[in-house]
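Subject: Model handover and findings

Hello,

Please find the model below. My notes on what turned up in it follow.

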Amino acid sequence: MERQNPLFRLFLHVAALLLAAVILAPLLWLFVMSISPAADLAAKPLRWWPATMDFSRYATLLSTLENSAGAAFTASLRNSLMVAGMATVAAVALAVPAGWAVSRTPQVGWSLSLVIATYMLPPVALAVPLYMALAKFGLLNNVFGLALVYLTILAPFTTWLMKSGFDGIPREIEQAAVIDGASLWQTLRIITLPLAMPVVATSALFAFLLGWDEFFYALLFTSDQRAKTLTVAIADLAGGRVSDYGLIATAGVLAALPPVLIGLVMQRALISGLTAGGVKG
């Protein structure tokens, strides 16, 4: 095996530590703000670590008392999980057959390119027709209506990812299954999908993150706790004349936990999906 230069190995470790510091420093500062008393946040010079740690904001936001900030936050957290989850499941369910069809039939690849081209349109250009459609079907301020809107965003993206994943699976495997008597559905379910599961997991994770972080449509199409998502609820915390920056930081920490936990659980599948097709022999 080829030996690495010790200096090059040291450089890699230093670069990795610097990259980790750049990525984690804002998250660490967000946590420090969330446990700092209000006086420490306004102190000059700035305190890099609070003299006394205050976790009361977490109790406030996780409270379920009626008409409290915690009730609004937990309701928006539940709405975000429902909307992002439903949109992700629907997007992956549509993307698997669509991505496979485009991958195996290059002649219709133009249709996927045309759909993805809609991403070049600014969201505000689609806001009015989407609003009118939701209003006509009574889906304004509704988690199902918002999930449908998110589906229009996630389905093309996940289809493109799935198409790239299916491109890396040799067609000869599917042809051999057909020769052995397998139907199209059996070939897709037994042969192709297990090989594409890393890409499916990667697509689902990125789709969930896109739905979880979406703000513009959630702001336009929701108005109260029945459908308001977490991103809008956090913006509401900063909407008053006097903002509690520690409370906003606490909300940011809590909002970051579900995607982080899902990412940790799906880490191996995510790495496999991102590297699929990187080496061909």
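Helix 8 passes helix 9 in a right-handed crossing. A crossing is left-handed if the near helix is turned anticlockwise from the far one by less than a right angle, and right-handed if clockwise. Helices (H or I, at least four residues) and strands (E, at least two) are DSSP runs, numbered from the N terminus.

Before going on, the ground rules. This is a predicted model, with pLDDT of at least 70 needed for local features and 80 or more for side-chain atom pairs, while totals for chains, interfaces and linings use all residues. Residues are numbered from 1 along each chain as its sequence is written, and side-chain values use heavy atoms, with hydrogens and water left out.

Back to the pair. Helix 8 covers residues 171-179 and helix 9 covers residues 184-213. They pack at about 160°, with their axes 10 Å apart. Axes are lines fitted to C-alpha atoms, for helices over the stretch in contact; angles run from 0 to 180 degrees between N-to-C directions. Helix 8 and helix 9 are therefore roughly antiparallel. The angle classes are: under 35 degrees roughly parallel, over 145 roughly antiparallel, 65 to 115 roughly perpendicular, and the rest oblique.

Helix 8 brings Ile173, Glu174, Ala177 and Val178 to the contact. Helix 9 brings Thr187, Ile191, Thr192 and Leu195. Contact means heavy atoms within 4.5 Å. These residues divide into 5 nonpolar, 2 polar and 1 charged. Ala, Val, Leu, Ile, Met, Phe, Trp, Tyr, Cys and Pro count as nonpolar, Asp, Glu, Lys and Arg as charged, and the others, Gly among them, as polar.

**Whole chain**

The chain has 13 helices and 0 strands. Of its 281 residues, 36% count as buried. Buried means under 20% relative accessible area, exposed over 50%, and partly exposed in between (1.4 Å probe, protein chains only). The C-alpha atoms fill a box of roughly 75 × 65 × 30 Å along the principal axes. Among contacts with a separation of 6 or more, 70% join residues 24 or more positions apart.

On the helix 7 side, the contact residues include Tyr150, Leu154, Phe157 and Phe166. On the helix 9 side, they include Val199, Val200, Phe206 and Leu210. By class, this contact has 12 nonpolar, 5 polar and no charged residues.

Helix 5 (residues 109-116) packs against helix 7 (residues 143-167) at about 140°, with axes 9 Å apart. That makes helix 5 oblique to helix 7. Helix 5 passes helix 7 in a left-handed crossing. Leu112, Val115 and Ile116 of helix 5 make the contact with Pro156, Thr159, Trp160 and Lys163 of helix 7.

**Helix 11**

Helix 11 runs over residues 230-237, and its buried residues are Leu230, Thr231, Val232, Ala233 and Ile234. What covers them includes helix 4 (69-104), helix 9, helix 10 (216-221) and helix 12 (245-265).

**Single residues**

- Ala69 is in helix 4. At 37% relative accessibility, Ala69 counts as partly exposed. Ala69 touches Thr60 and Leu61, not counting residues up to four places away in sequence. Ala69 and Leu230 are 161 residues apart along the chain, and their C-alpha atoms are separated by 12 Å.
- Leu81 also lies in helix 4. At 40% relative accessibility, Leu81 counts as partly exposed. Leaving aside neighbours within four places in sequence, Leu81 is in contact with Phe208 and Trp212. Leu81 and Arg57 are 24 residues apart in sequence and 22 Å apart, C-alpha to C-alpha.
- Asn141 lies in the loop between helix 6 (123-136) and helix 7. Its phi is near 55°, a positive value in a residue other than glycine. At 11% relative accessibility, Asn141 counts as buried.

Best wishes
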